[in-house]
Amino acid sequence: MTARKLLIAQNVDSSYVEKIQEVIPEWTIVTGRDKEIWQKEAPDAEVIAGWKKGMEEYTINKEDSPLTWIQTWSAGVNSLPLEKLSSHNVHLTSANGVHAHPISETIFALMLGLTRKIHTYVRNQQSKTWDHSNLKLEIHGKTIGILGTGAIGKETAKIAKAFGMTVLGMRHSGKPEEYIDTMYSSSQLHDLLPQCDYVVVTLPLTKETHRLLGQKEFQLMKESAFFINIGRGDIVVEEDLVQALKSGEIAGAGLDVFETEPLGDNSPLWEMENVIITPHTAGSTQYYDQRVIEDILIPNLRHYVKGESPSINKVDYTKGY
């Protein structure tokens, strides 16, 4: 009988492989993010951790594929062939929650950087310019609107409370959440935006959130508001954001995600003095692999080998997250 196979399409430390092997001692475990490795191993993998573009051809497109479960290495799953995976009854679990600490730290780095003009002073430092640059804003006591109150949004709300901020949240259901003073449903977005000094996007990309924020939404924001996006670039109409920044409809932006990545050389966002850009690195952390493997993959594997469905971070195909 052929051994069951787990393919981890990532380069992970051998210590993690040993921990996984303890849960599935009779399985074959193959690791490696290089295409030559996963291309060869994917066709007979029962479980794949770390989906890669192009894997479809070697798995669900084949009639005899044994694939029954995918654990992504990212929180977002919008790049996967969701309809096809759903039709093949493949369990899908995400890395949701892994990013709560690093991304909430990036959110506040961007908010504080814009508020206290750190980006301006870095530019001044490069030209050896000693200039006050009209610094006057504080973050304490301001109002933050968090669009998307999953693990990242909740951690952001928790930190905001340390700054004495009023925290407004938006989620599809409108259900209350700890650390959030007032929760709004998706249909109440336009009621939330005018109140905020900071608007933070932590939403997943779905049909409902695609191009959710455009000209109308930026016009509803305060002229003094800062906009932070660490969700997905396609949640925002980028040309409308550029126009809002140029015209002064909003005060500035901290952006980790964009409609097209890498961000093109011709984007005006690069040159704007009221914008801080990070290259989709908000979730990067030294603990990434550890959290995916020890907090999600291994606990789910324990259930899976008992014949149960992996339940931690299970993706609802009808919602897209």
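# Exercises on a predicted structure

Val47 is found in strand S3, which covers residues 47–49. Keep in mind that the structure is a predicted model. Each exercise below has a task and then a worked solution.

## Exercise 1: A valine and its surroundings

**Task.** Decide whether Val47 is buried or exposed, and find out which residues Val47 touches.

**Solution.** 
- Step 1. Begin with the accessibility: Val47 has a relative accessible area of 0%.
- Step 2. Buried means under 20% relative accessible area, so Val47 is buried.
- Step 3. Now look for contacts, leaving out residues up to four places away in sequence. Val47 then touches Lys5, Leu6, Leu7, Trp27, Leu67, Trp69 and Tyr304.
- Step 4. Val47 and Val199 are 152 residues apart in sequence, and from C-alpha to C-alpha they are 38 Å apart in space.

## Exercise 2: The whole chain

**Task.** Describe the chain by its helices and strands, its radius of gyration and its buried share.

**Solution.** 
- Step 1. Count the elements: there are 10 helices and 12 strands in the chain.
- Step 2. Compare with a globule. For 321 residues, a compact globule would have a radius of gyration near 20 Å, and the 22 Å of this chain agrees with that.
- Step 3. Take the spans along the principal axes: the C-alpha trace extends over about 70 × 45 × 35 Å.
- Step 4. Turn to burial and surface. Of the 321 residues, 49% count as buried. The accessible surface comes to about 16100 Å², and carbon and sulfur atoms account for 47% of it.
- Step 5. Check how contacts reach along the sequence. Among contacts between residues at least 6 apart, 56% join residues at least 24 apart.

## Exercise 3: Reading a sheet

**Task.** Work out the order of the strands in the open sheet of 7 strands, and explain why one side of S8 and of S12 has no neighbour in the sheet.

**Solution.** 
- Step 1. Recall the general idea: strands of a sheet pair through backbone hydrogen bonds, either parallel or antiparallel.
- Step 2. Trace the order here, which is S8-S7-S6-S9-S10-S11-S12, with parallel pairing.
- Step 3. Look at the edges. Strand S8 (182–184) and strand S12 (275–277) each have a single partner strand, so one side of each is left without a neighbour in the sheet.
- Step 4. Zoom in on one pair. Strand S10 (residues 226–229) and strand S11 (residues 252–255) run parallel and are joined by 4 bridges. Phe227 stands opposite Ala253 in S11, while Asn229 has Leu255 in S11 as its bridge partner.

## Exercise 4: The nonpolar core

**Task.** Find which residues have the most contacts inside the largest nonpolar core, and which element gives the largest share of this core.

**Solution.** 
- Step 1. The largest nonpolar core has 31 residues, and those with the most contacts inside it are Leu147, Leu213, Met221, Phe227 and Leu269.
- Step 2. List the elements that give two or more residues to this core: strand S7 (166–170), helix H7 (189–192), strand S9 (198–201), helix H9 (238–247) and S11.
- Step 3. H9 gives the largest share, 4 residues.
- Step 4. Not counting residues up to four places away in sequence, Leu269 touches Glu238, Val242, Leu245, Leu255, Phe258, Leu263, Val275 and Ile277.

## Exercise 5: Residues in loops

**Task.** Say where Ser133, His280, Thr206 and Pro262 are placed, and describe each one.

**Solution.** 
- Step 1. Ser133 is in the loop between helix H5 (118–126) and strand S6 (143–147). Its phi is positive, about 60°, although Ser133 is not a glycine. With a relative accessible area of 12%, Ser133 is buried.
- Step 2. His280 lies in the loop between S12 and helix H10 (288–304). Its phi is also positive, near 55°. At 36% relative accessibility, His280 counts as partly exposed.
- Step 3. Thr206 lies in the loop between S9 and helix H8 (215–220). It counts as buried at 11% relative accessibility. Leaving aside neighbours within four places in sequence, Thr206 is in contact with Lys319, Gly320 and Tyr321.
- Step 4. Pro262 has its place in the loop between S11 and S12. The peptide bond from Glu261 to Pro262 is cis, with omega near 0°.

Methods: Residues are numbered from 1 along each chain as its sequence is written. This is a predicted model: local features need pLDDT of at least 70, side-chain atom pairs count only at pLDDT 80 or more; totals for chains, interfaces and linings use all residues. Side-chain values use heavy atoms; hydrogens and water are left out. Two strands pair if DSSP finds at least two bridges between them. The radius of gyration is taken over C-alpha atoms; the globule rule is 2.2 Å times the number of residues to the power 0.38. Buried means under 20% relative accessible area, exposed over 50%, partly exposed in between (1.4 Å probe, protein chains only). Contact means heavy atoms within 4.5 Å. Accessible areas come from the Shrake-Rupley method with a 1.4 Å probe; for residues, only the protein chains shown count as cover. A nonpolar core is a set of buried Ala, Val, Leu, Ile, Met, Phe, Trp, Tyr and Cys residues joined through side-chain atoms within 4.5 Å.
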